[in-house]
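Please read them with the coordinates open.

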Amino acid sequence: MRKFLAAFLAALLLALPFPPAFADAYRASPKLVIVLVIDQFRGDYLDRYRDDFKTASGFNLFLKRGAYFTDCYYNYANTETAPGHSTIGTGAYSNGHNIALNQWWDLSRNTKHAVSSVEDERYEIVGDHGPEDIGASPRSELASTLGDEVALATRGQSKVFGISLKDRAAILTSGHATNGAFWLDHASGHFVSSTYWGPSLPTWVEKFNASGRTEQAVKESHARPDHFYDDAGATPASVSYLLDFAQALVEAEKMGKHDTTDVLTISISSTDILGHKVGPDAPEQRAMIDAIDVDLNAFFTWLNTHVDGGMANVWVSLTGDHGIGPTIEGAATARMPAAQFDMNKVLASLDASLNARYSPGQKIRYMLPNVQPAVTLDPRPFMAAKVPEAEAEQAVADLLPGAFESSQPASPEGAVRLPTRSMIRHAYTKTQIAAGQVPASAEGQLILNSYTTNGGWYVLYSVGMYEQGQASGTNHFTPWGYDRHVPLAFFGSAFVPGIYHQPVEPVDIAVTFASLLRVNHPTASVGHVLTFALKPGQ
Ligand SMILES: [Zn+2]
């Protein structure tokens, strides 16, 4: 009897379709990795609205069945969309991937406008576009991504795609060796790409654009004609729209059905488009997050029947590209110090002071238009005045606190004027940062990690606490906790479900996946493998 039982068990073991003991991209374990990014999704939102989440496979996929990290902070000062997505994709900060801002001045490429992080004049937009629209590529991202490393390791057998409403979020998260990146034409709302990926849109994208789904989103959001991005983009209608596009992609490209692991990056921009207008504490933003929960539940439920082996064969990471500060009104109501500055006035004040010093009596423009959180110097008039870069940048850094103060409305007549709290805390010149001349402190590291060779002559500044440059709504670009805090969570068979309070960073995502998939870390990555959240034997 015992002999029979042993033989029976042995036969049973052989018959079971055993998954590989550990993950391995070369053998398609898992079948699909999804890097999910929700823009302007601050680290406290998941807990703040936890009771709202009624679905099983929306945010609860991560909160109840995944590894959830409550204390994930970016370790750099330039908390903007483009560097955030590049950081998630590459596991590096700006000093590694070289994307420090959404756009920067590069007079060797264009003297009329600041170049965007993904614009590439060698290519053209494929699909709907305006007459001024320029092609796009990951040319400015000087590091490989997780997707790139999987594509390299599997010699292109794995499929890698990136999608978003925003071009930079679709492109920089997914990388260079991708099979495609798709984002929205702002006016029509149709998905587009760039000739970097090929001369025409794949048939399934054309089909999606012609399916009537765009018109449905316009109707749901009451968007004005030709204002899809601004209007529909700020409503939950654009979230289900993007995730429906993700379904079309998974189906058409057979994601999760190949012999090696596929990688898909999905960046939901809607929270950012809305958040800038209403701020983090508005009921509209809560409604948006609740709607995303329902949409993610629908998407992952659908995915469960469309990937070989279902969700048991899918890993997902969830994070944000940056956090967000309160509105000036919101901060002031809580009696936190907040103030508004006017960047046009700051730059005008700098120009006036620089003229007084270098070209008395003249009205030369020494400063280029604003690309916060840096002020950019126009090298041409400084060179004409024989002022070298280091001296010019230092002059601007010295003038900057006064220029910010002068941008505030004058005190009412007769008001008691208290000693002012400076509106800016730090101002470091590019020359200083390049030479590593920053304090040997956590703050110094934030500044060093923000360094790039892009942007010409510049001075990187940080505001005092809750200062904002606009009269209404809010913005993100500071080195402070509210802008650096994002959630981090993983779902998948490799992770031990639970809540983790260890300090982690978004750079840990790419290297943790790379380690598990047995591929090289991305070229400039500085993250750590989150070993304490991995199941044994991985
Ligand atoms: Zn934003």
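This is a predicted model: local features need pLDDT of at least 70, side-chain atom pairs count only at pLDDT 80 or more; totals for chains, interfaces and linings use all residues.

1. The first point concerns a backbone feature. Most residues other than glycine have a negative phi.

2. Helix 9 spans residues 213-221, and its buried residues are Arg213, Thr214, Ala217 and Ser221. Around the axis they cover an arc of only 105°, so they sit on the same side of helix 9. The packing partners of these buried residues are helix 8 (203-209), helix 10 (228-231) and helix 11 (237-252).

3. Asp226 belongs to the loop between helix 9 and helix 10. Phi of Asp226 is also positive, near 60°, in a residue other than glycine. Is Asp226 buried or exposed? Asp226 has a relative accessible area of 58%, and because the cut-off for exposed is over 50%, Asp226 counts as exposed.

4. Asn98 has a positive phi too, near 75°, and is likewise a residue other than glycine. The loop that holds Asn98 runs between helix 5 (94-97) and strand 3 (103-104). Here the relative accessible area is 9%, so Asn98 is buried.

5. Two cis peptide bonds deserve a check against the coordinates. Most peptide bonds are trans. The bond from Ser29 to Pro30 is cis, with omega near 5°; Pro30 lies in the loop between helix 1 (2-15) and strand 1 (32-38). The bond from Gln372 to Pro373 is cis as well, with omega near 10°. Pro373 is found in the loop between helix 15 (343-358) and strand 11 (374-377).

6. Next is the metal site. Which protein atoms are the donors of the zinc ion? They are two OD atoms of Asp272, NE2 of His276 and NE2 of His476, at 2.0 to 2.4 Å from the zinc ion. The spacing of the donor residues in sequence is D-x3-H-x199-H. Asp272 in helix 12 (residues 270-278) and His476 in the loop between strand 13 (457-463) and helix 20 (481-484) are 204 residues apart, and the pair links distant parts of the chain.

7. Why is the arrangement around the zinc ion irregular? The angles subtended by the four donor atoms run from 55 to 155°. A tetrahedral assignment would need all angles between 85 and 135 degrees, so this range rules that assignment out. For reference, the ideal angle for four tetrahedral donors is 109.5 degrees. Water is not among the atoms, so the site may look incomplete.

8. Asp272 has a relative accessible area of 3% and is buried. His476 is also buried, at 3% relative accessibility.

9. Helix 12 carries Asp272 among its buried residues, together with Ser270, Thr271, Ile273, Leu274 and Gly275. These buried residues pack against strand 1, helix 4 (81-90), helix 10, helix 11, strand 9 (262-268) and helix 13 (283-304). Gly279 follows helix 12 and has a positive phi, near 85°.

10. Gln408 is located in the loop between helix 17 (389-406) and strand 12 (424-429). Its relative accessibility is 27%, so Gln408 counts as partly exposed. Leaving aside residues up to four places away in sequence, Gln408 touches Ala339, Gln340 and Met423.

11. On the overall fold, the protein comes to 21 helices and 15 strands. The radius of gyration is 25 Å, close to the 24 Å that the globule rule gives for 538 residues, so the protein is as compact as a globular protein of that length. Along the principal axes, the C-alpha atoms fill a box of roughly 105 × 45 × 45 Å.

12. Of the 538 residues, 59% count as buried. Among contacts between residues at least 6 apart in sequence, 71% join residues at least 24 apart. The protein exposes about 21,900 Å², and carbon and sulfur atoms supply 55% of that area.

Technical notes: Residues are numbered from 1 along each chain as its sequence is written. Side-chain values use heavy atoms; hydrogens and water are left out. Donors are N, O and S atoms within 2.8 Å of the metal (3.2 Å for Na, K and Ca); water is not among the atoms, so sites may look incomplete. Four donors count as tetrahedral if all angles lie between 85 and 135 degrees; four count as square planar and six as octahedral if opposite donors are over 155 degrees apart and all others between 65 and 115; anything else is irregular. Helices (H or I, at least four residues) and strands (E, at least two) are DSSP runs, numbered from the N terminus. Buried means under 20% relative accessible area, exposed over 50%, partly exposed in between (1.4 Å probe, protein chains only). The radius of gyration is taken over C-alpha atoms; the globule rule is 2.2 Å times the number of residues to the power 0.38. Contact means heavy atoms within 4.5 Å. Accessible areas come from the Shrake-Rupley method with a 1.4 Å probe; for residues, only the protein chains shown count as cover. The arc is that of the directions from the helix axis to the C-beta atoms.
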